[in-house]
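Dear colleague,

I am handing over the structure we spoke of, and below it you will find what came out of going through it. Please read the notes with the coordinates open beside them.

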Amino acid sequence: MEKVTKDTIKHVAALAQLEFNEEELEKFTPQMGKILEMAEELQAVDTTGVEETVQVVDRDTVFREDEPEHWQTRDEMMKNVPEKSNGFVKVPVIINKDDNQ
């Protein structure tokens, strides 16, 4: 496994729109390394013969039956959109390509 560096933490933080000061980077960098080491240990565990569990509660589904309902048309939906352009919903940029990440 590659060593976790401050640059790795900065990159992941930028993707999550987080900012860390130098003190936080000093604290979180070794912690992230330990977390990844633990994840690698779990991946190494032999699970041969261990039955997968999908539902641990032995009962029928508690969800309601599907019921058809009226859906909004595109025009009806667009009436409530705060910002739009050329018939599309405008959303804020969450990853800036110019961030050198």
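This is a predicted model: local features need pLDDT of at least 70, side-chain atom pairs count only at pLDDT 80 or more; totals for chains, interfaces and linings use all residues.

E65 is exposed, with a relative accessible area of 65%, and on the surface E65 gathers with D66, E67 and E69 in a patch of negative charge.

As for the protein overall, it has three helices and two strands, which follow the pattern α-α-α-β-β when read along the sequence. Of its 101 residues, 8% count as buried, and the protein exposes about 10200 Å², of which carbon and sulfur atoms supply 52%. Among the contacts with a separation of 6 or more, 38% come from residues 24 or more positions apart.

A search of the whole structure finds three salt bridges. In one of them K6 pairs with E22, with the closest N and O atoms 2.6 Å apart; K6 lies in helix α1 (residues 6-15) and E22 in helix α2, so this pair ties together parts that are 16 residues apart in sequence. K6 also forms a salt bridge with E26, where the closest N and O atoms are 2.3 Å apart, and this pair likewise links helix α1 with helix α2, at 20 residues apart. E83 forms a salt bridge with K90, the closest N and O atoms being 3.6 Å apart. Through shared partners, salt bridges join K6, E22 and E26 into one network. K6 counts as partly exposed at 28% relative accessibility, and E26 is partly exposed as well, with a relative accessible area of 45%.

Conventions. Residues are numbered from 1 along each chain as its sequence is written. Side-chain values use heavy atoms; hydrogens and water are left out. Patches are made of residues with over 30% relative accessible area and no salt bridge: like charges are joined within 9 Å, nonpolar side chains (Val, Leu, Ile, Met, Phe, Trp, Tyr) within 5 Å. Accessible areas come from the Shrake-Rupley method with a 1.4 Å probe; for residues, only the protein chains shown count as cover. A salt bridge is a side-chain nitrogen of Lys or Arg within 4 Å of a carboxyl oxygen of Asp or Glu. Lys and Arg count as positive and Asp and Glu as negative; His and the chain ends are not counted. The place of a charge is taken as NZ of Lys, CZ of Arg, CG of Asp or CD of Glu. Buried means under 20% relative accessible area, exposed over 50%, partly exposed in between (1.4 Å probe, protein chains only). Helices (H or I, at least four residues) and strands (E, at least two) are DSSP runs, numbered from the N terminus. Contact means heavy atoms within 4.5 Å.
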